[in-house]
Amino acid sequence: MAEELNLNEMLKIRREKLSKLQEMDKDPFKVEKYDLTHHSIDIKDNFEELEGKEVSIAGRLMSKRVQGKASFVDIQDQDGRIQCYVRKDRIGEEDYDLFVTYDIGDIVGIKGEVFKTKKEEISVKANEVKLLSKSLQILPEKFHGLKDPDLRYRQRYVDLIVNPEVKKAFLIRNKATKAIKEYLDNRGYLEVDTPILNTIAGGASAKPFITHHNTLDIDMYLRIANELYLKRLIVGGFEKVYEMGRMFRNEGMSIKHNPEYTCIELYEAYADYKDMMEMTENIVAYAAQNALGTTKINYQGTEIDFTPPWNRMTMQEAVKQYAGVDFDEIKTDEEAVKIAKEKGLEIKPEMTRGHVINDLFEEYAEKHLIQPTFITHHPVEVSPLAKRNPEDPSITNRFEAFVNTWEIANAFSELNDPIDQRGRFMAQLRQRELGDDEAHMLDEDFLNALEVGLPPTGGLGIGIDRVMMLLTNSSSIRDVILFPTMKPIVDKAENTEE
């Protein structure tokens, strides 16, 4: 209680300081602009050239050491921190007396000369100090910082101020996403935008978010994938397209799942799933090299090597190796379901041999896939948009890429047979009728596009956030999303019945 009273008193003092400044006609919130000449890193990197010259910097006051008529402060800008030396006889008595009342967290502008202290620290000797914004809150104490993960994600703005390593992760993310786009742009891909609001949630097996358009008086869905629109563009004559953007799935949350996440999907006419394998391993390796300077990383103590080529294994081979079941010897649905029961899998309506293969893979094999690995030839039942394998129509020419046991990419030779596609959509509708709300909806306009004619096409989707978790050594997806989805905090007083 005493600590809470003390905190409230400190917050009150900050507001009183603001009121005093306003009475003196020095309201910092009336300042609209401040002319910068340099950032902290510019000064440190170019000291020899700038020594003795006047610079203008701005940033947040992070520490203050007042020693009578002189003070040292640390100013933090977007690139880091720099020390400033403030003397009463240089900036004037009135300004200095105001300056010593400034609080940690205030934003200030400083003009002064670049020099080195006796301890050889590059600093700025202030000729002018101007308060640009008053902080009415108190930053976390510097030795303990903001450590509560829940509070860090809710108050990312504070997290970025007091935990420099957090900013580093997002700078790595920025470099990596730019590299991915650069890789595709250099290979003739066209970046496009497709709708986020859809009348049909298609392109993936997922539960959508539902909203309502008042003017049209129709329910609409936030997109779960942009696949079907991108393939429409291939039908229209573009041969290489991609889009990186937000997807929305109304499903569970975990260290690797957020309801909205970033994905890149790309499609190339006259290519197949094998081309997409090369594309996947090269994109991820290129992103790692550009963001980190290496294709070999350490993730949470495990060495992972993104250098192409990656391992390759069919789903049936993985099930045979890790679940001990050889599906070359199991030909019927009845035999497969019997195996599923013996292995303790959940038995679902209309479960087929293909469903059992997929479920056994997820249960027994995924947890062993640490190094980058392509799992190929998924059963047709779980791949409604992928082209069948010509030699074995029960499987598809599809792959998923796994790293650290996580799926990071999904790709296939796209199904371009409109008759086969309609049949698979109808099978998905039956699954929906049996209670599977993640099964695909019927998209008649997409079927019409396929009837117009989709060339042989390779398609690929990569989960950007999971790749960024690996590149930044982050243990949670929330560490690589600036503002992750959080449950609102409800004031206990609001829930108390009078």
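Predicted model: local features only at pLDDT ≥ 70, side-chain atom pairs only at ≥ 80, totals over all residues.
Glutamate 93 is exposed, with a relative accessible area of 54%, and this residue sits in helix H5. The chain has 498 residues, of which 48% are buried, and its secondary structure amounts to 16 helices and 20 strands. Along the principal axes, the C-alpha atoms fill a box of roughly 90 × 65 × 45 Å.

**A negative patch on the surface**

- Glu93 gathers with Glu54, Glu94, Asp95 and Glu128 in a surface patch of negative charge.
- Helix H5, which spans residues 93-99, gives the most to this patch, with 3 residues.

**Salt bridges**

- The model holds 29 salt bridges, and a few of them are worth a visit with your viewer.
- Arginine 173 and aspartate 465 meet through their side chains in a salt bridge, at 2.7 Å from N to O. Arginine 173 belongs to helix H8 (residues 164-185) and aspartate 465 to helix H16 (residues 464-472), so this pair ties together parts that are 292 residues apart in sequence.
- Both of these partners are under the 20% cut-off for buried residues: arginine 173 has a relative accessible area of 12%, and aspartate 465 has 2%.
- Aspartate 445 forms a salt bridge with arginine 232, where the closest N and O atoms are 2.9 Å apart. Here too distant parts of the chain are linked, since aspartate 445 is in helix H15 and arginine 232 in helix H9, 213 residues apart.
- Aspartate 445 is partly exposed at 46% relative accessible area, whereas arginine 232 is buried at 17%.
- Lysine 348 pairs with aspartate 359 in a salt bridge whose closest N and O atoms are 3.7 Å apart. Lysine 348 lies in the loop between helix H12 (333-342) and helix H13 (353-365), and aspartate 359 lies in helix H13, so the bridge ties together parts 11 residues apart in sequence.
- In this pair, lysine 348 is partly exposed, with a relative accessible area of 41%, while aspartate 359 is buried at 14%.

- Phe446, Leu447, Ala449 and Leu450 are buried in helix H15, which covers residues 444-453. These four are on the same side of H15 because they cover an arc of only 155 degrees around the axis.
- The face of H15 turned away from that buried side carries Glu451 and Val452, which are exposed.

**Backbone features in loops**

- Most residues other than glycine have a negative phi, and most peptide bonds are trans.
- Glutamate 120 has a positive phi, near 65 degrees, without being a glycine. Its place is the loop between strand S4 (107-116) and strand S5 (122-133), and glutamate 120 is exposed at 54% relative accessibility.
- Aspartate 217 also has a positive phi, about 55 degrees, and is not a glycine. This aspartate is in the loop between strand S8 (210-213) and strand S9 (218-222), where aspartate 217 is exposed at 57% relative accessible area.
- Proline 308 and proline 309 are joined by a cis peptide bond, with omega about 0 degrees. Proline 309 is in the loop between strand S13 (302-305) and strand S14 (311-314).

**A contact across the sequence**

- Phenylalanine 238 and alanine 269 are 31 residues apart in sequence, and their C-alpha atoms are 8.1 Å apart in space.
- Phenylalanine 238 is in the loop between helix H9 (227-235) and strand S10 (240-248), and is partly exposed at 42% relative accessibility.

Note on methods:
Residues numbered from 1 in each chain as written. Heavy atoms only, no water. Patch = residues over 30% accessible without salt bridge, like charges linked within 9 Å, V, L, I, M, F, W, Y side chains within 5 Å. Areas by Shrake-Rupley, 256 points an atom, 1.4 Å probe, with all protein chains shown as cover. Salt bridge = Lys/Arg side-chain N within 4 Å of Asp/Glu carboxyl O. Lys, Arg positive; Asp, Glu negative; His and termini not counted. Charge placed at Lys NZ, Arg CZ, Asp CG, Glu CD. Helix = DSSP H or I, 4+ residues; strand = E, 2+ residues; numbered from the N terminus. Buried < 20%, exposed > 50% of the residue type's maximum accessible area, 1.4 Å probe, protein only. Arc of directions from axis to C-beta.
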